[in-house]
Amino acid sequence: MKETDLEAVATAVQRVAGMLQRPDQLDKVEQYRRREARKKASVEARLKAAIQSQLDGVRTGLSQLHNALNDVKDIQRSLADVSKDWRQSINTIESLKDVKDAVVRHSQLAAAVENLKNIFSVPEIVRETQDLIEQGALLQAHRKLMDLECSRDGLMYEQYRMDSGNTRDMTLIHSYFGSTQGLSDELAKQLWMVLQRSLVTVRRDPTLLVSVVRIIEREEKIDRRILDRKKQTSFVPPGRPKNWKEKMFTILDRTVTTRIEGTQADTRESDKMWLVRHLEIIRKYVLDDLIVAKNLMVQCFPPHYEIFRNLLNMYHQALSTRMQELASEDLEANEIVSLLTWVLNTYTSAEMMGNIELAPEVDVSILEPLLSPDVVSELLDTYMSTLTSNIIAWLRKALETDKKDWIKETEPEADQDGYYQTTLPAIVFQMFEQNLQVAAQISEDLKTKVLVLCLQQMNSFLSRYKEEAQSYKEEHLRDRQRPHCYVQYMIAVVNNCQTFKESIVSLKRKYLKNEVEEGVSLNQPSMDGILDAIAREGCSSLLEEVFLDLEQHLSELMTRKWLLGSNAVDIICVTVEDYFNDFAKIKKPYKKRMTAEAQRRVVLEYLRAVMQKRISFRSAEERKEGAERMVREAAQLRLLFRKLASGFGEDADGHCDTIVAIAEVIKLTDPSLLYLEVSTLVSKYPDIRDEHIGALLAMRGDTSRDMKQTIIETLEQGPTQANPNYVPIFKEIVVPSLNVAKLLK
């Protein structure tokens with residue numbers, strides 16, 4: 001307390017010191033004193049109020065505690081009275097046990113009396129129920145069955161309550177109502193029969209189906225009520241729960257499965273199209289059934305049954321199982337295609353699940369696949385393997401058939417433009433087209449794979465085609481009289497190459513969205529190369545046929561007989577023109593190539609005749625006559641090949657000018673100008689060699705050995721500049737070495 005006073009004094013001193021810091025503040029001392037007095041009075045008033053409030057609260061609390069104490073004492077006295085009364089009533093309660101037993105017996109007897117009428121009439125009700133079931137009055141039969149079951153279950157329940165261990169009485173009741181279970185089973189059998197034919201019943205007599213559903217709903221409610229009572233009493237009547245709703249869906253599921261399995265009317269042995277027919281019947285049945293279910297059955301079932309969704313799932317599962325069974329069989333290639341097309345495309349198309357009449361309840365985007373990806377992949381592998389074998393066999397057979405045509409005595413057919421052709425390209429690409437159309441029905445990926453397969457097999461086929469064309473030529477050369485139409489069929493072989501090229505391009509353009517798809521475009525160059533090689537060899541074979549007939553007449557060129565007036569060139573021109581009348585049936589790209597090659601070879605043979613020194617002119621007159629004859633024959637050949645090359649838009653004179661240039665050297669009368677003339681020839685034809693010049697000079701017959709050697713040596717020293725567009729011709733002419741040796745002696 002002393003410390004508190006000291007602290008208060010110190011605080012007061014500090015406050016007074018703060019107030020009186022300046023002399024002028026002394027005048028306000030009285031004012032400060034009154035203010036502090038007011039504050040002190042205010043604080044004292046508040047303290048008094050607080051203390052008074054606390055005192056009032058304590059007084060109220062003490063009063064309440066006193067009242068509570070009085071209440072506790074009253075309760076204690078009441079409990080003592082209750083305890084006393086309870087002890088006095090124990091004997092009275094024990095004396096009421098007989099009354100309790102009497103109440104239970106009264107309850108049982110009341111139940112028995114209530115069901116007495118039903119108990120005595122059980123046999124009659126059983127007969128009536130049986131008759132109603134046989135008459136198809138299912139609702140009435142079920143009502144009587146419910147009455148029987150209710151009486152039985154009520155008696156059993158009362159017996160269970162009285163003495164749950166008394167099995168004898170329970171057995172007696174069960175025996176008395178024994179026919180009830182048989183009636184229930186018989187009624188259930190009728191219900192299941194209606195449900196098995198529900199898709200037919202709902203169209204003919206929907207009320208019957210509604211009755212069946214109502215009976216099932218009643219039984220479901222009874223099942224729920226009994227199960228709820230079981231939680232309280234543990235009593236369950238015999239045959240409960242029936243679970244008829246669950247059995248109903250089981251029956252429907254079994255019916256759907258049986259309907260799907262029963263659609264196979266044929267086997268592979270009886271009908272090659274058995275699978276197509278089977279799948280089409282399934283499609284029609286399933287679509288019709290689901291439309292009926294959506295439009296009619298839904299109205300016969302409570303909404304919470306979700307009958308359409310459940311039926312849709314049943315059909316989907318049954319179809320999936322059936323497709324798995326079909327996939328596991330040893331299917332042929334066309335059957336695999338039919339199955340996959342149906343599973344991957346038809347099933348979700350507008351012809352089935354995507355049908356507008358099933359929308360919007362059926363959403364094809366959320367339907368599970370009927371076959372797993374592994375099974376689909378396995379089927380595709382089997383299909384590709386079988387297709388590969390089939391394509392190889394078909395191509396081999398097509399080629400064998402075409403080879404048989406080659407030896408016919410009649411000319412091959414011509415297309416709309418008059419070009420010879422065989423049926424081989426049409427057969428091959430018709431086969432490819434059919435397989436690609438089939439593959440496209442399944443998937444884009446399979447279509448691309450089949451196209452790659454076709455192109456790969458086409459490569460191998462063209463190699464065999466090339467070998468067979470070569471064998472055909474060799475067989476003909478052994479006996480040129482056979483086959484009779486060799487030229488015409490060789491022309492057809494050449495034309496087929498162009499048809500194959502066009503067909504390959506058309507096939508790719510039609511079945512490839514992207515030309516650079518992996519593994520596809522790479523096949524084109526090699527096939528083009530093989531086709532060009534076949535066409536080139538075919539054209540060469542045809543020209544070889546021409547030159548075999550010209551061989552005798554070509555051997556007359558630049559001989560003494562030729563100089564004296566041989567008509568060898570006339571015959572050559574007539575023969576070439578005659579052959580090229582047949583060659584008019586060759587397609588333009590190859591005919592153009594053959595015309596140029598024929599001109600080159602005729603001129604080459606002519607020049608070869610010059611270089612072989614078949615004649616040596618004896619005088620200037622002979623040289624002049626021979627040179628002029630060469631110029632005339634060059635003009636004759638030029639005219640021929642211009643005629644043959646008409647329509648190609650190219651110059652056909654180039655090679656014939658070579659004969660004229662050689663004739664100029666032979667025609668020269670002044671030997672001193674030979675060097676100049678020969679150097680002009682060499683500059684124009686840079687591939688001409690020394691032996692060619694030596695043979696040419698030797699044919700003139702007026703050139704000395706020294707002059708020949710001087711001209712050759714001089715020309716060797718002078719460089720020659722080749723024309724970039726020049727096509728060498730002399731390099732293919734071989735001059736016998738013996739002649740060159742003689743010239744240099």
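1. Leu 20 sits in the loop that runs between α1 (2-19) and α2 (29-94) of this predicted model, and with a relative accessible area of 30% Leu 20 is partly exposed. Together with Val 16, Leu 26 and Val 29, Leu 20 forms a nonpolar patch on the surface, and the accessible area of these four residues together is about 310 Å².

2. As for the overall make-up, the protein chain has 27 helices and zero strands, and 41% of its 745 residues count as buried. The chain exposes about 41,600 Å², of which carbon and sulfur atoms supply 53%. When contacts between residues at least 6 apart in sequence are considered, 75% of them join residues at least 24 apart.

3. Two packed helices are described by the angle between their axes and the distance between the axes. For helix α13 (residues 333-346) and helix α15 (residues 424-442), the angle is about 35° and the axes are 8 Å apart. On the α13 side the contact is made by Val 337, Leu 340, Thr 341, Leu 344 and Asn 345, while α15 contributes Val 438, Gln 441 and Ile 442. By class, the residues of this contact divide into five nonpolar, three polar and no charged.

4. The structure holds 30 salt bridges, and one of them is formed by the side chains of Glu 545 and Arg 480, with an N to O distance of 2.8 Å. This pair links distant parts of the chain, since Glu 545 belongs to helix α18 (residues 523-554) and Arg 480 to the loop between α16 (444-478) and α17 (486-511), 65 residues apart.

5. Arg 600 lies in helix α21 (residues 588-611) and Glu 732 in the loop between α26 (705-717) and α27 (737-744), so the pair ties together parts of the chain that are 132 residues apart in sequence. Arg 600 counts as buried at 15% relative accessibility, and Glu 732 counts as partly exposed at 33%.

6. Although Pro 728 and Asp 687 are 41 residues apart in sequence, their C-alpha atoms are 6.1 Å apart in space.

7. Some backbone details deserve a look, because most residues other than glycine have a negative phi, and most peptide bonds are trans. A cis peptide bond joins Ala 359 and Pro 360, with omega about -5°, and Pro 360 is placed in the loop between α13 and α14 (373-406). Another cis peptide bond joins Arg 482 and Pro 483, where omega is about -10°; Pro 483 is found in the loop between α16 and α17, the loop that also holds Arg 480.

8. Positive phi values in residues other than glycine can be checked at two sites. Glu 306 has a phi of about 45° and lies in the loop between α11 (274-295) and α12 (307-328), where Glu 306 counts as partly exposed at 40% relative accessibility. Met 558, for which phi is near 55°, is found in the loop between α18 and α19 (560-563), and at 0% relative accessibility Met 558 counts as buried.

Conventions:
Residues are numbered from 1 along each chain as its sequence is written. This is a predicted model: local features need pLDDT of at least 70, side-chain atom pairs count only at pLDDT 80 or more; totals for chains, interfaces and linings use all residues. Side-chain values use heavy atoms; hydrogens and water are left out. Patches are made of residues with over 30% relative accessible area and no salt bridge: like charges are joined within 9 Å, nonpolar side chains (Val, Leu, Ile, Met, Phe, Trp, Tyr) within 5 Å. Accessible areas come from the Shrake-Rupley method with a 1.4 Å probe; for residues, only the protein chains shown count as cover. Helices (H or I, at least four residues) and strands (E, at least two) are DSSP runs, numbered from the N terminus. Buried means under 20% relative accessible area, exposed over 50%, partly exposed in between (1.4 Å probe, protein chains only). Axes are lines fitted to C-alpha atoms, for helices over the stretch in contact, and angles run from 0 to 180 degrees between N-to-C directions. Contact means heavy atoms within 4.5 Å. Ala, Val, Leu, Ile, Met, Phe, Trp, Tyr, Cys and Pro count as nonpolar, Asp, Glu, Lys and Arg as charged, and the others, Gly among them, as polar.
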